[in-house]
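Here is a short report to read alongside the chain.

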Amino acid sequence: MSRKKLRTIAMIPARYAASRFPGKLMQNLGGKSVIVRTYEAATNTGLFDETFVVTDSEIIYDEIVAQGGKAIMSVKEHSCGSDRIAEAVEHMDIDIVVNVQGDEPFTEKESLEKVLAVFEEEDADRIDLASLMTPMSDWDEIVNPNSVKVIVDKDNYALYFSRSPIPFPRDKEINHVYYKHKGIYAFRKQAILDFYHLPMRSLEASEKIECIRYLEYGKNIKMVETHHEGVEIDTPEDLEKAIRLINKENLLIQEGAVIETKKTTTQHKNFPMVPRVVFGAGSFDQIDEIIGGQRKETAPFIYLIDSVFKTQKQLIEDRLPLQQQDTVVYVSTEEEPKTAQVDAIVAQIKKEYKFAPSGVIGIGGGSVLDLAKAVAIMLKNPGSASDYQGWDLVPNKALYHVGIPTISGTGAEVSRTTVLTGPERKLGINSDYTPFDQVILDPQLIKDVPKDQWFYTGMDCYIHCIESLNGTYLNAFSQSYGEKALDLCKEIFLSDTLPKEEADAKLMMASWHGGMSIAYSQVGVAHAMSYGLAYVLGTKHGIGNCIVFDKLGKYYPEGVRLFKEMKAKHNIELPQGLCANLTDEQLNTMISVALSLEPLWENALGKQWRDKVNEQVLRELYLSL
């Protein structure tokens, strides 16, 4: 026999005076207040006969009504949202009321459908209320008392809720899945009225978790698993995360258009730097001491190591402080890093471990360091790495990540960019969360780099300096770093008296300073064209820059003259005829990729750069390589 259709409404309890972030529901989130976005998200699901905001605040009431929404003023002070809802629905003709949290503007339909569906299942008559839970993989979140955990029986009925990790992991090897309780409830009307009239008992008072009251009075709570990760706005930092998500959604909808979330009068960059760095011969052997404080219970460290060291384990792997489930992943650097390569590594890590790793440690040249940064980002953000190619698109902080260069010159150890080739373009993930949390600079690690590779990566640093120092974006900050890096490059690559050990140490410093220079400025023509080479031909970045820069005397006459002098001094022969046999389609793609990097061209040639560079100019340049 079919069940009657249940009359279902959504209630959004909304209190203005939140203790941790007063007035948070009225904060501007992409042109609308948080509470309006939450109301619209719930209404737009189409799951409810009616949606209401129930509040004790005239400010919030007026905000909803002014936007054409429905609001109810609470006539009493309440200690929790459920009491506020119960007062509002006591005399309504309804069957099910869903409590949607006012600070969750990314409430989505699929999760709400799941929680409502339980009232149509075979055991529906047993259910007094239903709620959501999501698997947790980050140990910091598991032990965080602000994150409410839930355990369930074999039929997914709640056994208990707690701010502590439940169950406690007494035996470390047991890989239990922890669940976070998400504050969306679907109540039978009588269940929420019972809650309203029943006094608080000791367990609820101890944990300060209102749904424990239902368990203490024998109510049945059916839990439904969801994998949706919204953003609960409890702090100003949460609001910034939500703003980044809104910006990203608008970027996907409107190609390249970022909504303006707040007016600003400053044009100065406020980029993060690497917070901790150790430099010195033998500093690699301090790695245990350096990362030890970041280890979380049984969560492993993931070491991404250049595959060149796979047959020389005594150089790197045998010196690592491997513990418990720590994993070494050797990665090929035959080609430039790809978004697909990042996605594959992340998928494998998630398959092997229920908890997020303690951290990601990249050991190798620029390609490995870029991969390490990208993997750390993608372990804490949904989707594909290709979704975040661009500027400031990453919503969540990356996993703890460490960079240990074994080749110097790329500047990847300090950069806020991780350069990846995606399905449609070669472009960096450029964000505040990209820079490493820790860098270890040990000159001994680069002493055996082959001569050609040493030259190509060193010239990457040199070309950074030339493009930054001759660019229109130049300022005193980038200039000071760029000039120091350039002086070091000249000393390293033109001096006849510099000992190898000293040259290696100075090259590490040149790489660091060169990376800092472009962090606050930009690169130029050589990098734009090199990106095109890498996208079409897979040409490695260092040698690609050299091949292109060798032909750019028109744009950087003194820099190219000095480059040719360095090349001759070190007997470097660059490949010739690289683009001679390209098809028109390949050449057009190469040109398109290069021209798409507008900030690089503007830095090199000014705001009117399109008057100086076009497809024909680039075609001739590429064919000269």
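Serine 131 has methionine 223 in β11 as its bridge partner. This is a predicted model, in which local features need pLDDT of at least 70 and side-chain atom pairs count only at pLDDT 80 or more, while totals for chains, interfaces and linings use all residues. Residues are numbered from 1 along each chain as its sequence is written, and side-chain values use heavy atoms, with hydrogens and water left out.

Strand β7 (residues 129-136) and β11 run parallel and are joined by 5 bridges. Two strands are said to pair if DSSP finds at least two bridges between them; helices (H or I, at least four residues) and strands (E, at least two) are DSSP runs, numbered from the N terminus. Strand β11 (residues 221-225) is mostly covered, with 4 of its 5 residues buried. Buried means under 20% relative accessible area, exposed over 50%, and partly exposed in between (1.4 Å probe, protein chains only).

**Around β17**

Strand β17 (residues 401-405) is also a mostly covered strand: 5 of its 5 residues are buried. β17 runs parallel to strand β15 (residues 359-364), with 5 bridges between them, and glycine 362 stands opposite glycine 403 of β17. β17 also pairs in the parallel sense with strand β20 (residues 438-441), over 2 bridges. There, valine 402 has glutamine 438 in β20 as its bridge partner.

**An open sheet**

β16, β19 and β18 form an open sheet of 3 strands, in the order β16-β19-β18, with mixed pairing. β16 (390-391) and β18 (417-421) each have a single partner strand and stand at the edges, so one side of each lacks a neighbour in the sheet. β18 pairs with strand β19 (residues 426-430) in the antiparallel sense, over 5 bridges, and leucine 420 stands opposite leucine 427 in β19. Helix α12 (residues 366-378) lies across β18 and β19, at about 95° to β18. Axes here are lines fitted to C-alpha atoms, for helices over the stretch in contact (heavy atoms within 4.5 Å), and angles run from 0 to 180 degrees between N-to-C directions.

| Strand pair | Sense | Bridges |
|---|---|---|
| β7 and β11 | parallel | 5 bridges |
| β15 and β17 | parallel | 5 bridges |
| β17 and β20 | parallel | 2 bridges |
| β18 and β19 | antiparallel | 5 bridges |

**The whole chain**

The chain holds 21 helices and 20 strands, and 56% of its 625 residues count as buried. Its C-alpha trace spans about 90 × 55 × 45 Å along the principal axes. The domain assignment gives domain 1 (8-236), domain 2 (269-449) and domain 3 (450-624); such bounds come from an automatic or database domain assignment. The C-alpha centres of domain 1 and domain 3 are 55 Å apart.

UniProt, in an unreviewed entry, lists residues 456-558 as "domain: Fe-containing alcohol dehydrogenase-like C-terminal". Its positions are given in the numbering used here, feature names are shortened, and annotations may be inferred rather than shown by experiment. Over residues 456-558 the chain is 75% helix and 0% strand.

**The cysteines**

How many disulfides are there? With a disulfide defined as a pair of cysteine sulfur atoms within 2.5 Å, the count is 0. The closest cysteine sulfur to that of cysteine 465 is in cysteine 461, and at 4.4 Å it is too far for a bond. Cysteine 465 counts as buried, at 0% relative accessibility, and cysteine 211 counts as buried at 0% too.
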